[in-house]
Amino acid sequence: TLEDTLWILDTLGGETAATGAGGKPVDLQFSADDQRAGGFSGCNRYTGGYSRDGASQHGAPLGFSQMASTMMACPEGGELEQAYLQMLGRVDAFRLEGSTLSLLQGPEVLATFRAQ
C-alpha cells in the first residue's frame, strides 16, 4: 500500500536517480495516521502533509503541502535534493503497479520509487 511502506527513489525526471550524501538513497514514507509524508531528500530530512483528495484522470489523486526540511549543508546531494523537493510540489497523482510507485503530474511520470 502507499502508506506504511518505505519507498526508495529509482528515477527522477526520467533518469536513474543518483544517491545523496554518503551514498544514501532518497526515500519517502507516508503515514496515514497523521497524513504526513517525509524521508531523506539527498542531504536533509524532510516532512510535510499530503492529501489524497480530488480527482485525476491518470492515477489516484495525491498532493503534498507545507513541506519543510532540515537545513544542513552537504558537500554532495544538494542538487539532487533541490530537484527532488521541486518535483514533490508538482505532484497531482500517483500510480501503484506491483512494488513500483509512480508520482505523476497529469500524464507525466515525475519520479518512480520501489518498495523497500
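Modeller: Throughout, buried denotes a relative accessible area under 20%, exposed one over 50%, and partly exposed anything in between (1.4 Å probe, protein chains only). The model is predicted, so local features need pLDDT of at least 70 and side-chain atom pairs count only at pLDDT 80 or more, whereas totals for chains, interfaces and linings use all residues. Residues are numbered from 1 along each chain as its sequence is written, and side-chain values use heavy atoms, with hydrogens and water left out.

Colleague: Is C74 buried or exposed, or partly exposed?

Modeller: C74 has a relative accessible area of 23%. That value lies between the limits of under 20% and over 50%, so C74 is partly exposed.

Colleague: To which residue is C74 joined by a disulfide?

Modeller: The structure holds one disulfide, a pair of cysteine sulfur atoms within 2.5 Å. Its S to S distance is 2.0 Å.

Colleague: What is the handedness of the disulfide between C43 and C74, and why?

Modeller: The handedness follows from the torsion about the S-S bond. For C43 and C74 this torsion is about 90°, so the disulfide is right-handed.

Colleague: How many residues apart are C43 and C74?

Modeller: Helices (H or I, at least four residues) and strands (E, at least two) are DSSP runs numbered from the N terminus. C43 is in the loop between β4 (36–40) and β5 (45–51), and C74 is in the loop between β7 (63–69) and α1 (78–88). The pair thus links distant parts of the chain, and its separation in residues is 31.

Colleague: Over what arc do the buried residues of α1 lie?

Modeller: The buried residues of α1 are L80, E81, Y84, M87 and L88. The arc is taken from the directions from the helix axis to the C-beta atoms. These residues are on the same side of α1, because they cover an arc of only 130°.

Colleague: Which exposed residues does the face of α1 turned away from its buried side carry?

Modeller: The buried residues of α1 are covered by elements including β1 (6–12), β5 and β10 (108–115), where contact means heavy atoms within 4.5 Å. The face turned away from that side carries E79 and Q86.
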